[in-house]
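Thanks for coming. I have one model to go through, and I'll keep to the geometry and the contacts.

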Amino acid sequence: MTETIKKANFGKELRDYIVITIAMMSYAIGWGIFLLPNSITTGGVAGVSSILYWATGIPVQLSYFVINGALLAVALKVLGLKFCIKTIYAVAVLTVSIGVVADHYSAHLLADQPFMAAIIGAVFCGCGVGLGLSNNGSTGGTDIIAAIVNKYRDVSLGRVIMICDVVIISCSYLVLHDWEKVIYGYVVLYVTAFCIDQVVESARRSVQFFIISDKYREIGERINREPHRGCTVVDAQGFYSGKDVKMLFVLAKRRQSNLIFRIINEVDPTAFVSQSAVIGVYGEGFDHFKLRMKKPETKHATD
């Protein structure tokens with residue numbers, strides 16, 4: 001049993017690193033191919049690195065790596081070693097990827113269509129950040145700030161990043177002297193935030209099942225074993241027939257729905273099943289409560 005758990009954990013960690021690699025490559029494509037050559041600013045450390053590149057010629061990969069190194073040193077205590085290890089890996093992959101793209105990709109795509117370049121680049125960047133955050137990693141910078149806030153408050157990740165990045169994009173005017181490019185930067189900011197929310201929330205969406213079957217025990221054992229989800233047995237009674245029945249109550253991630261349906265169909269094709277989406281599930285294996293703790297009021301002695 002212990003060996004099985006270790007293999008499952010190793011498989012999950014490996015999947016996280018593979019997805020983070022793909023996510024950072026997506027971000028590098030959006031930033032290095034569509035945004036940077038068209039002088040369109042993105043947010044976060046990538047935006048700061050772009051501004052420094054346009055102003056001084058410092059390679060974006062160099063300034064990006066140095067600034068993120070400083071931020072990660074601060075974030076280590078707050079986000080924990082596990083998050084920071086994957087974030088360090090993500091920053092390293094993105095640094096190498098953007099270096100390769102910047103040094104070896106000379107084509108200037110959509111030079112006469114900056115708006116389309118902004119949209120496409122933002123989609124690549126937003127999906128990359130969202131995938132990274134969904135797998136316990138990030139591109140660093142304002143993503144780290146967003147992850148810290150989201151850890152303690154139920155605040156949209158994209159919204160936090162948008163607030164942090166407005167100032168950075170506005171500052172690009174000091175270098176570009178072109179308000180049209182700044183507006184394109186705002187477009188990138190909005191589309192990126194939207195994509196982040198869509199990717200992250202889709203990974204967190206959960207569903208609930210009510211399953212009525214005479215073979216409830218076998219179905220429950222399969223669900224415990226394969227998607228590794230718990231089941232609750234509820235004593236119920238059919239109103240019309242008056243027959244006592246057992247009903248399984250199951251909460252699972254949306255991506256596990258097909259597997260659960262397959263299990264039910266294999267064990268008891270005649271089972272009665274109800275599936276519905278849930279807004280939020282909190283507890284072991286799902287999200288954690290994010291509450292603002294009120295400080296106890298200090299009572300002063302009165303005469």
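This is a predicted model: local features need pLDDT of at least 70, side-chain atom pairs count only at pLDDT 80 or more; totals for chains, interfaces and linings use all residues.

Residues are numbered from 1 along each chain as its sequence is written, and side-chain values use heavy atoms, with hydrogens and water left out.

Salt bridges next. The term means a side-chain nitrogen of Lys or Arg within 4 Å of a carboxyl oxygen of Asp or Glu. The whole structure has 8 of them. One joins Lys-86 to Asp-16, with the closest N and O atoms 2.6 Å apart. Lys-86 sits in helix 3 (residues 60-104) and Asp-16 in helix 1 (residues 2-35), so this pair ties together parts 70 residues apart in sequence. Helices here are DSSP runs of H or I, at least four residues, and strands are runs of E, at least two, numbered from the N terminus. Both Lys-86 and Asp-16 are buried; buried is under 20% relative accessible area, exposed is over 50%, and partly exposed is in between, using a 1.4 Å probe and protein chains only. These two residues also belong to a salt-bridge network with Glu-13 and Arg-15.

Now Arg-262. Its side chain meets that of Glu-226 in a salt bridge at 3.8 Å, N to O. Arg-262 is in helix 10 and Glu-226 in the loop between helix 9 and strand 2 (231-237), so the pair links parts 36 residues apart in sequence. Arg-262 also bridges to Glu-266, at 3.0 Å, N to O. Those two are 4 residues apart in helix 10, about one helical turn. Arg-262 is partly exposed, at 39% relative accessible area, and Glu-266 is partly exposed too, at 46%.

How do helix 9 and helix 10 pack? Helix 9 (residues 216-225) and helix 10 (residues 257-267) are at an angle of about 145 degrees, with axes 10 Å apart. Axes are lines fitted to C-alpha atoms over the stretch in contact, and angles run from 0 to 180 degrees between N-to-C directions. Contact residues, with heavy atoms within 4.5 Å, include Ile-219 and Ile-223 in helix 9 and Ile-260 and Ile-264 in helix 10.

Last, helix 2 (residues 44-56). Its buried residues include Val-45, Ile-51 and Trp-54. Gly-57 follows helix 2, with a positive phi near 85 degrees.
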